[in-house]
Amino acid sequence: MEKNYKFVIAYDGTRFFGWEHQPDKETIQGKLEAVLERLQGRPVDLIGAGRTDAGVHARAMVASVRLDVRRSPDRRGLRRGGQGLSLALLAGKGDVRHVFL
């Protein structure tokens, strides 16, 4: 069963080439998708509500992704692959988990 997850993301963009995918560049979207794909065991499509340029920081970037609830992200899994990112994962009414990476 899949569920839509909302991410509210704060990050220091100093070492990233912005939000959106770019070939052979490390981006916030690419980094998060790589972590989520490892946890889900399949490709995922993280959709951002906006974009940032290279080197730009964000305090509350919003993105969503559909994930299998049986394999939803947890603190341990996100920590393994998301260095330099800080996330607040909202999984529904009243279910908020803060993840600092």
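Colour the model by secondary structure to begin: the protein has 2 helices and 5 strands, where helices (H or I, at least four residues) and strands (E, at least two) are DSSP runs numbered from the N terminus. Read along the sequence, these elements follow the pattern β-α-β-β-α-β-β. This is a predicted model, in which local features need pLDDT of at least 70 and side-chain atom pairs count only at pLDDT 80 or more, while totals for chains, interfaces and linings use all residues. Residues are numbered from 1 along each chain as its sequence is written, and side-chain values use heavy atoms, with hydrogens and water left out.

Select strand 1 (residues 2-11) and strand 3 (residues 58-68) next, which pair in the antiparallel sense over 9 bridges; two strands pair if DSSP finds at least two bridges between them. Within this pairing, Lys6 stands opposite Ser64 in strand 3.

Is Gln40 buried or exposed? Gln40 is buried because its relative accessible area is 4%, and buried means under 20%, exposed over 50% and partly exposed in between (1.4 Å probe, protein chains only). Show the side chains of Gln40 and Arg42, which are joined by a polar contact of 3.3 Å; such a contact is a pair of N or O atoms within 3.5 Å, where, within protein, one must be able to donate a hydrogen and the other to accept it, and residues adjacent in sequence count only if both atoms are side-chain atoms. With Gln40 still selected, display the backbone nitrogen of Asp68, which lies 2.8 Å from a polar atom of the Gln40 side chain.

From Asp68, step to Val69, in the loop between strand 3 and helix 2 (75-81). Val69 counts as partly exposed, at 28% relative accessibility. Which residues does Val69 touch, not counting those up to four places away in sequence? They are Met1, Glu2, Lys3 and Tyr5, with contact meaning heavy atoms within 4.5 Å. The C-alpha atoms of Val69 and Tyr5 are separated by 9.5 Å, although the two residues are 64 residues apart along the chain.

Finish at Phe17 and Lys25, where the charged end of Lys25 sits over the ring of Phe17, 4.7 Å from its centre; this requires NZ of Lys or CZ of Arg within 6 Å of the ring centre and within 35 degrees of the ring normal.
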